[in-house]
Amino acid sequence: MQSQDLARKAIWSAIYLLFILAPLFALLTGTLPPARSFGTEFSVALGYSGLAMMGLQFGLTARFRHVTEPWGEDVIYHFHRRVSLLAVGLVVVHPLILFAIRSDKLAMPESLLEVPWGAWFAFLSIGAVIVLVVTALWRQQLKIPYELWHLSHIVLALTAIFGGVLHMIGWGFYLTDPFKRALWICMTIFWIALLLYVRLFKPLFMLRRPYRVTEVRVERGDTTTLVMDPEGHAGFRFKPGQFGWLNVWGSPFRITGHPFSFSSSAEAANGRVEMTIRNLGDFTSKVKAIAAGQRIYLDGPYGAFTIGHPTDMHVLIAGGIGITPMMSMIRTLTDRGDKRPLVLMYGGKTWDSLTFREELETLKTRVDLRIVYVLSDPPEGWNGETGRIDAAMFRRHLPPEYADHEYFICGPDPMMDAIETALGEMKVPRVRYHSERYSFV
Amino acid sequence: MRRLLANRLVVLTGVIVVALSLLFAWLRVGSLH
């Protein structure tokens, strides 16, 4: 499985690089205009590569399950954010190199009217890309509402890309060749098609496959479970631990969905799925007001966070509402009659806030499950674990073959950082622990 | 840890793209007049 994942990662990485670099090297084919200086050609190559990377950003966020599965959605989104800085860097460095080497092409015209139109599109593209990066990096500080930001993000990205392509065509050096011009126009159409796929075709597909909320269950810890049944279709199969994008408050064409783990068993009948959502003070505060009977839209399943090898001990480490994917795993293994040993280390603030506490106690009688509760604010007389989950706690509760167990971690970012550090200290190989961060949007 | 993986992939992409852009310029100036 791991070698298969590695092969898939290598193939998708190669395809990604091919889509950036093949259109660049295609410029070297056929009849070529006279070569310019090394610096000019290098800066032009950076400009072309930067633009191709910007266009491929639509592919990274298009939620292609086969692409994201080997990495995990969180890695892809983080890559999308960071690689945008690289793409912008390349695009901005491109004219800076030309200025630095005083390329003839950048000789200052005497009036603005003499500036070629290809250069105006370069200004437009670079301006759009700078605004795009600033608003993406400092959206919260600039107090831009998420939906407005998301819409502006797409508009700015399109402006940057169209500006870039028109700049290349307008400058008319390599792209005077009709075949090369056609290739880059096709590339642009391909990037736009990626955007249309996620913003038009996917919502159309979801519109034809709606879900109905059949039950709204109040859980411990200011948490609500939505039970959802497919309406007029069979639903989808998911692996325990995966998540879906939930769109409760509007049509699937609305730009904002929210990712939540499935908390139900993957073996549930009739395509039924459940999501368990804690009130964290943002849009999640409205979840408990959802009424049974409401129509909703679900896009999924996604994510690489799912149960491992059947003979390994599974150590499930949940912090707060990070219990939801673990619950899906435990419920699924119970339904399957799976007897692999499970240890759940479940951290929460108070005893009363531990969601699913009663059901977990019942499930202990049906699967090989041991539970270690860890409270940061324990009640009087509590003799269980307190504080934060750390290496010492693992040593107290786990069989000593630490490197042979599989670890699944879900919770707040600081908790996940601390646990990954603790597992590193215990010499647990990196391939033995699994995590996926849900704070990626 | 997972962000570190993504960051490493970005650095690797950057190195490959810059290296191949240099190769592009070298091919263009050196042999493909």
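Hi everyone, let me start in the middle of things: the largest nonpolar core has 43 residues, and A45(A), A52(A), M53(A), F79(A), A160(A) and I161(A) touch the most other members. By nonpolar core I mean a set of buried Ala, Val, Leu, Ile, Met, Phe, Trp, Tyr and Cys residues joined through C-beta atoms within 7 Å. Buried means that 20 or more other C-beta atoms lie within 10 Å of a residue's own, with C-beta atoms placed from the backbone.

Which elements build this core? Two or more residues each come from α1 (2-25), α2 (38-60), α4 (73-100), α5 (117-137), α6 (146-171) and α7 (178-207) of chain A, and from α1 (2-30) of chain B. The largest share, 12 residues, belongs to α2(A). Helices here are DSSP runs of H or I with at least four residues, strands are runs of E with at least two, and both are numbered from the N terminus.

A quick word on the source: this is a predicted model, where local features need pLDDT of at least 70 and side-chain atom pairs count only at pLDDT 80 or more, while totals for chains, interfaces and linings use all residues. Residues are numbered from 1 along each chain as its sequence is written, and chains are lettered from A and ligands numbered from 1 in the order in which they are written.

Back to A160(A): leaving out residues up to four places away in sequence, this alanine touches M54(A), S125(A), A128(A), V129(A) and L132(A). Contact means C-beta atoms, placed from the backbone, within 7 Å. There is also a second, separate core of 33 residues, including L316(A) and I409(A).

Now the sheet. Six strands of chain A form an open sheet in the order β4-β3-β6-β1-β2-β5, with antiparallel pairing; strands pair if DSSP finds at least two bridges between them.

Finally, the domains, whose bounds come from an automatic or database assignment. Chain A has domain 1 (2-204), domain 2 (211-302) and domain 3 (314-435). The C-alpha centres of domains 1 and 2 of chain A lie 36 Å apart, and 10 residues of domain 1 are in contact with six residues of domain 2. On the domain 1 side, α6(A) gives the most, with four residues.

Methods:
Buried ≥ 20, exposed ≤ 12 C-beta atoms within 10 Å, placed from the backbone. Contact = placed C-beta atoms within 7 Å.
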